[in-house]
Amino acid sequence: MRLGINIPREHPDGRPYNAADIMARARAIEAAGFDGIWLGESMSRGNPSVDTLSVLAIAAAATSRVELGSAVLQVPLRRPAELANRLLTLHALSGGRFVAGLGAGSTQADFDACGVDYASRFKLFAAALPEIRRLCNGEQVGAANLRPWPSVAGGPPMLIGAWVSGIWVKRAAQNYDGWIASGRHNNRFRTLAEGLKVYRDNGGKRALIATVSVDLQAPTKPLTDDEPFNLRCGAKEASARLHQLAEIGIDDVLLVMRGAQSEEELLAIRALIK
């Protein structure tokens, strides 16, 4: 199983991360042996917002090995040509280490902030993805032709963020490069296993679970049905939960932590599973 982890948006005192902070955090993650640096996206949710792709670009400049991924970008909030251009750019800047986690979005506040109809999100998502793929392949789409360099033509792998139920798990398997489940909305191993069966039965290869919070200093207690899947527990229990995910077929777990961790803390988290 692979482990990815985020770069926080701000310091504990509320100061935003600057470029040097991002680079230092990225280097520490790579040095601790994590497999990837993954960032989500939100707007207008009561906290300072950051541009995911900008942060990942800075992280790319500071590292040479780790994968860099979005989990996930809300496609309907953007025009396909503009987004395809940015995906291709980061694909090039990272030397091919970037993975584009893309989704339809699930928070109306983000859509209201961008002036996009929330009810139309799946229709917009379904229409945009083929255009983005064609543009990344160097094809003409309307008036747009991004003419990617041969070394980046095709663009980054495209993973689909989707809840366990619904048609998009099948589409992720049949037409794209992976499925990203949400740890905030899927806390039951049985539910995840059911979604994974649908995904694998339709030919899906790579399955990830994102937004998994971590606090190894928290008291250990059983997960309840009404809380997100998390690793807010002692190290032994956290390791057991990760092994359960591996046993049902999850390939990657993407961790989310607030604030910076020491080198020792990052190593302890990475050591939860090999």
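Modeller: Happy to. Let's start in the loop between helix 5 (121-136) and strand 5 (158-161), where Arg147 lies. Bear in mind that this is a predicted model. Phi of Arg147 is near 45 degrees, a positive value in a residue that is not glycine. Most residues other than glycine have a negative phi, and most peptide bonds are trans. Arg147 has a relative accessible area of 63%, and because the cut-off for exposed is over 50%, Arg147 counts as exposed.

Thr211, however, sits in strand 7. Its relative accessibility is 18%, and because buried means under 20%, Thr211 counts as buried.

There is also a peptide bond to look at. Ala71 and Val72 are joined by a cis peptide bond, with omega about 0 degrees. Val72 belongs to strand 3 (residues 67-74).

The buried residues of helix 9 pack against strand 7, along with strand 1, helix 1 and strand 9. In helix 9 (residues 263-270), the buried residues are Leu266, Ile269 and Arg270. Viewed down the helix axis, they fall within an arc of 100 degrees, so they line one face of helix 9. An α-helix has 3.6 residues a turn, so residues three or four places apart point the same way.

Two of those packing partners, strand 1 and strand 9, are also paired with each other: strand 1 (residues 2-5) runs parallel to strand 9 (residues 252-256) over four bridges. Arg2 has Asp252 as its bridge partner in strand 9. Strand 1 also pairs in the parallel sense with strand 2 (residues 36-39), over two bridges, and there Gly4 is partnered by Gly36.

Stepping back, the chain holds nine helices and nine strands. Of its 274 residues, 49% count as buried. A compact globule with 274 residues would have a radius of gyration near 19 Å, and the chain has 18 Å, which agrees. Among contacts between residues at least 6 apart in sequence, 68% join residues at least 24 apart.

Definitions and conventions. Residues are numbered from 1 along each chain as its sequence is written. This is a predicted model: local features need pLDDT of at least 70, side-chain atom pairs count only at pLDDT 80 or more; totals for chains, interfaces and linings use all residues. Side-chain values use heavy atoms; hydrogens and water are left out. Two strands pair if DSSP finds at least two bridges between them. Buried means under 20% relative accessible area, exposed over 50%, partly exposed in between (1.4 Å probe, protein chains only). The arc is that of the directions from the helix axis to the C-beta atoms. Contact means heavy atoms within 4.5 Å. The radius of gyration is taken over C-alpha atoms; the globule rule is 2.2 Å times the number of residues to the power 0.38.
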